[in-house]
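Thank you for coming, everyone.

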Amino acid sequence: MRTYLVTGGAGFIGSNYIHYMFRKYDNEIRIINVDKLTYAGNLENLKDIENRENYSFVKADICDKEAIRKIFKDNDIDRVVHFAAESHVDRSIKNPEVFIETNVLGTATMLNAAKEAWEKADGTFAEGKKFLHVSTDEVYGSLPDDGKSFFYETTPYDPHSPYSASKASSDFIVKSYIDTYHFPANITNTSNNYGPYQFPEKLIPLVINNCLQGKELPVYGDGRNIRDWLFVDDHAKGIDMVQEMGTLGQKYNIGGHNERRNIDIIKTIIHTLQEILPDDDPRKANVSEDLITFVTDRKGHDRRYAIAPDKIKAEIGWFPETTFEVGIKKTVEWYLAHMDWMENVTSGTYQKYYEDMYSGR
Ligand code: NAD
Ligand code: DAU
C-alpha cells in the first residue's frame, strides 16, 4: 500500500485532491495530511473522510523541521504531494513576509526531510519514492493580450507579485535538488482552479457569495484581465497522472485551455445564478449586473495567463475534461447546497472546528 504525505490538504485544492484520491484508490492507499490550519485551512472540507482508517491528520507547520522529520521517521512515505502555501496574491502584496517563510523556507524543509529519509548511503534514492511540488503559472509572468502567445515549460520565469516570486523561488529550489542530487521530483505549474471548497477571497467564490447577499462585485481595473480556468478535479487527476506516469525530474504545465476575461466570468456567474435559483428564492432579486463595481486595480496586476498543456497531453495523455459551462454550473450548485460552509468560512466559525473535533484526541 502506497503512503502519501500531502501538505496543505485542508486547503482548496489539497482537500479536493484527497477526495479525488480516495474516490480513485479507495483502500489501496494511505494519506497523511499535514496542515498548519491557517485562515485558509479548513478541516470541514474533509469531514466525510476524516474517519477513514487509511487517513490521518497532523497539525503542523511545514517550516517546523522537527515536526516534518518526525512524520518521515514514523512513516514509510512513498509519495509527497506538496500543496501547502500562502496562495492569495492580494495578501502577498500587503504582507509578503509569510509568503517567503512558508512558500520558500517551508518547501526547503519538505525537500530536506524527504531527502534525508529517502537517500541511501551511496547518494541514490530508494526505489519508488516521489515528490511532487505543486506550483503556479504565475511564475511565468504576464502574456500580451493577443490570444496567440502561451506559457510553455520552457518559458522563462518572470514573476511579478511577492506570491509568484515566492513560488518561483520554491520551483528553483526543487529544480536544484533534481539537478544536484537527482532527487526524485516533479514540478507542476497550473492555471487558475475553481470548484468546491475555495476560500471566498478568490474571484469565483467571492462573486457567488456577494451576489447572493446583494453586495457589490469588485472588478479590479478594467475587468479585461484574462485567466485560464481549470476545474479542480481535472487538476487533481493531472497531479496523480504526472506523479505516476510522468518522467521524474520533469516539469509539466497543467492548464484549462479556457481563457476568460474577469468581467465575463462575473457575468457568467450572475447568469448561472439567475438560471438556477427558483423564482420564490428571495436572494434571486439581489442577483443582477447592477452589482458590478469597478475598483482600483491590483498593484502589478498581470494582464493575461494562458497555458499550452501540450507536453502533459502528448507525454501522459492528460487533458482538461470539464468544460467551463459544466464546471461553473457544478461550482455554483455546490455553493448553493453548502451555504452553511460559506457562512462558517466567512464568520470564522470553521476555525473552531479543529478544537471541537480534535480536542481530547
Ligand atoms: P489554499 O490557500 O486554499 O490552501 C493552502 C493550505 O496550506 C491551507 O490548508 C493552509 O492551512 C495550508 N498552509 C499554509 N501555510 C502552511 C504552513 N506553513 N504549514 C502547513 N500548512 C500550511 O491554497 P490552494 O488554492 O489550495 O493552493 C494549493 C497549492 O496550489 C499552492 O501551492 C498554490 O500555490 C498552488 N496553486 C493554486 C492555484 C489556484 O488556482 N488556487 C493554481 C495553481 C497553483
Ligand atoms: O494562476 C494561478 C493562480 O490563480 C494561483 O497560483 C493563485 O494561488 C490563485 O489565487 C489564482 O491567482 P489570481 O490572482 O489569478 O486569482 P484571484 O481569484 O485572486 O483573481 C482572479 C482575477 O480576478 C485576477 O485578475 C484579479 C481579479 N479579481 C480578483 C478579486 C479577488 C477581481 O477583479 N476582483 C476581486 O475581488
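By a polar contact I mean a pair of N or O atoms within 3.5 Å; within protein, one must be able to donate a hydrogen and the other to accept it, and residues adjacent in sequence count only if both atoms are side-chain atoms. What you see is a predicted model, in which local features need pLDDT of at least 70, side-chain atom pairs count only at pLDDT 80 or more, and totals for chains, interfaces and linings use all residues. Residues are numbered from 1 along each chain as its sequence is written, chains are lettered from A and ligands numbered from 1 in the order in which they are written, and side-chain values use heavy atoms, with hydrogens and water left out.

Let us turn to ligand 1, which has an oxygen atom 2.9 Å from a polar backbone atom of asparagine 193, while an oxygen atom of the ligand also lies 2.8 Å from a polar backbone atom of phenylalanine 83. The protein covers 97% of the 830 Å² of accessible area that ligand 1 has on its own (Shrake-Rupley method, 1.4 Å probe; for residues, only the protein chains shown count as cover).

As for the whole protein, buried residues make up 57% of its 361 residues, where buried means under 20% relative accessible area, exposed over 50%, and partly exposed in between, with a 1.4 Å probe and protein chains only. Its C-alpha trace spans about 65 × 50 × 40 Å along the principal axes. Among contacts (heavy atoms within 4.5 Å) between residues at least 6 apart in sequence, 83% join residues at least 24 apart.
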